[in-house]
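Open the model in your viewer and keep the selection panel at hand. The tour below goes from one selection to the next and says what is found at each stop.

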Amino acid sequence: MLENHVEDILMIIRKLKSTLSKESSKKLDLDKNERVVHRLASFSENCEVCQQELLALKDHFIQLEDKVDGFDMEVIKQHKKMFHAIVSHLQKKHKLVPENMYLTLYMSIGISLGMVFGLTIFDNIALGMPIGMCLGIGIGAGLDADAKKKGMTI
Ligand SMILES: [Zn+2]
């Protein structure tokens with residue numbers, strides 16, 4: 001029965017993709033929405049929260065389909081909020097990571113460390129920052145690729 005819900009949701013997403021402008025699709029992040037639905041489906045057998053989220057998403061997408069002629073900010077805001085909550089559940093409970101999470105994280109760590117080392121060791125903040133950033137990007141990109149290989153990326 002749950003499989004039907006998943007199919008229904010995916011069908012609406014596909015329909016939205018073909019009717020909405022690229023800009024609106026991107027605003028709703030439909031590609032990612034699709035991946036999230038697949039993830040929920042794969043965990044729903046053993047996770048009640050994922051089951052409930054799938055049911056809520058079905059209602060949500062049915063409403064979204066009704067409003068397809070004109071989204072207002074409120075609709076998009078609600079949509080993002082909903083997916084934000086689901087993604088944080090997938091991260092906390094099912095140990096998944098969002099795309100490029102490590103890249104963003106290590107880049108900012110690299111920049112801060114680069115600034116500190118730039119100031120203390122090189123006595124030149126402008127030198128330390130780009131070095132730290134590059135190292136951070138290198139490490140983060142490697143960890144992202146690893147997570148993707150393990151199938152842990154949302
Ligand atoms: Zn779950």
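This is a predicted model: local features need pLDDT of at least 70, side-chain atom pairs count only at pLDDT 80 or more; totals for chains, interfaces and linings use all residues.

Stop 1: Now colour the two histidines by accessibility. His89 has 12% relative accessibility and counts as buried, and His94, with a relative accessible area of 14%, is buried too.

**Stop 2: Ser44.** Next select Ser44, in the loop between helix 3 and helix 4 (48-66). Is Ser44 buried or exposed? Its relative accessible area is 7%, so Ser44 is buried. Leaving aside residues up to four places away in sequence, Ser44 touches Leu2, Cys50, Gln51 and Leu54.

**Stop 3: the largest pocket.** Select Lys27, Leu28, Asp29, Lys32, Asn33, Val36, His79, Lys80, Phe83, His84 and Val87, which line the largest pocket. The volume of this pocket is about 200 Å³. Which helices each supply at least two residues of the lining? They are helix 2 (22-28), helix 3 (30-43) and helix 5 (73-94). Helix 5 gives the most, with 5 residues. By type, the lining divides into 4 nonpolar, 3 polar and 4 charged residues.

**Stop 4: Asp29.** Stay with the pocket lining and pick out Asp29, one of its residues. Asp29 sits in the loop between helix 2 and helix 3. With a relative accessible area of 36%, Asp29 is partly exposed. Its backbone is worth a look: phi is positive, about 65°, although Asp29 is not a glycine. Most residues other than glycine have a negative phi.

**Stop 5: Asp123.** Finally, select Asp123, in the loop between helix 6 (101-120) and helix 7 (125-149). Asp123 also has a positive phi without being a glycine, with a value near 55°. Its relative accessible area is 65%, so Asp123 is exposed.

Note on methods: Residues are numbered from 1 along each chain as its sequence is written. Side-chain values use heavy atoms; hydrogens and water are left out. On a 1 Å grid over the protein atoms alone, a cavity is a set of points where a 1.4 Å probe fits but cannot get out, and a pocket is an open set with protein on both sides within 12 Å along at least five of seven lines; lining residues have an atom within 4 Å of a point. Grid points are joined across faces, edges and corners, and a volume is the space filled by probe spheres set on the points. Helices (H or I, at least four residues) and strands (E, at least two) are DSSP runs, numbered from the N terminus. Ala, Val, Leu, Ile, Met, Phe, Trp, Tyr, Cys and Pro count as nonpolar, Asp, Glu, Lys and Arg as charged, and the others, Gly among them, as polar. Buried means under 20% relative accessible area, exposed over 50%, partly exposed in between (1.4 Å probe, protein chains only). Contact means heavy atoms within 4.5 Å.
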